[in-house]
Amino acid sequence: ADLLDATGHKQEAITVYNGYIEEFQEDLLSVYKLGKLHKSLGNRELAAELGKRILSLSPDHALAKELTD
């Protein structure tokens, strides 16, 4: 997913992240990366939802807070 994102294949990266997170819901780094990707594409509401999801599991997650801004 990181490589897809880095090479401009944003939608494909989102698909890969979603599939991975469905299997490994506790992987907060992947949830954060998905949120950051959504935010970069202007999907601020989705990014904020993902940020809140992370914060509900890890309230001190500093990076997740930037997704909710």
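Reader: Quick one to start: does Thr 15 count as buried or exposed, and at what relative accessibility?
Author: Thr 15 counts as exposed, at 52% relative accessibility. The cut-offs are under 20% relative accessible area for buried, over 50% for exposed, and partly exposed in between, with a 1.4 Å probe and protein chains only.

Reader: And what kind of model and numbering is this?
Author: This is a predicted model, where local features need pLDDT of at least 70, side-chain atom pairs count only at pLDDT 80 or more, and totals for chains, interfaces and linings use all residues. Residues are numbered from 1 along each chain as its sequence is written, and side-chain values use heavy atoms, with hydrogens and water left out.

Reader: Ok. Which helix is Thr 15 in?
Author: Thr 15 sits in helix α2. Helices here are DSSP runs of H or I with at least four residues, strands are runs of E with at least two, and both are numbered from the N terminus.

Reader: How many helices and strands in total?
Author: The protein chain has five helices and zero strands. From the N terminus the order is α-α-α-α-α.

Reader: What's the radius of gyration?
Author: The protein chain has 11 Å, which agrees with the value near 11 Å that a compact globule of 69 residues would have. That radius is taken over C-alpha atoms, and the globule rule is 2.2 Å times the number of residues to the power 0.38. Along its principal axes, the C-alpha trace spans about 30 × 25 × 15 Å.

Reader: What share of the residues is buried?
Author: Buried residues are 30% of the 69 in the protein chain.

Reader: Let's do the core. Which residues have the most contacts inside it?
Author: In the largest nonpolar core, which has 15 residues, they are Tyr 17, Ile 21, Val 31, Leu 34, Leu 37, Ile 54 and Leu 67. Two or more core residues come from each of α2 (10–23), α3 (28–40), α4 (44–57) and α5 (62–67). Helix α3 gives the most, with five residues. A nonpolar core is a set of buried Ala, Val, Leu, Ile, Met, Phe, Trp, Tyr and Cys residues joined through side-chain atoms within 4.5 Å.

Reader: What does Val 31 touch, leaving aside neighbours within four places in sequence?
Author: Val 31 is in contact with Ile 21, Gln 25, Leu 50, Arg 53 and Ile 54. Contact means heavy atoms within 4.5 Å.

Reader: Last topic, charges. How far apart are the mean positions?
Author: The mean positions of the 8 positive and 12 negative charges are 7 Å apart. Lys and Arg count as positive and Asp and Glu as negative, without His or the chain ends. Each charge is placed at NZ of Lys, CZ of Arg, CG of Asp or CD of Glu.
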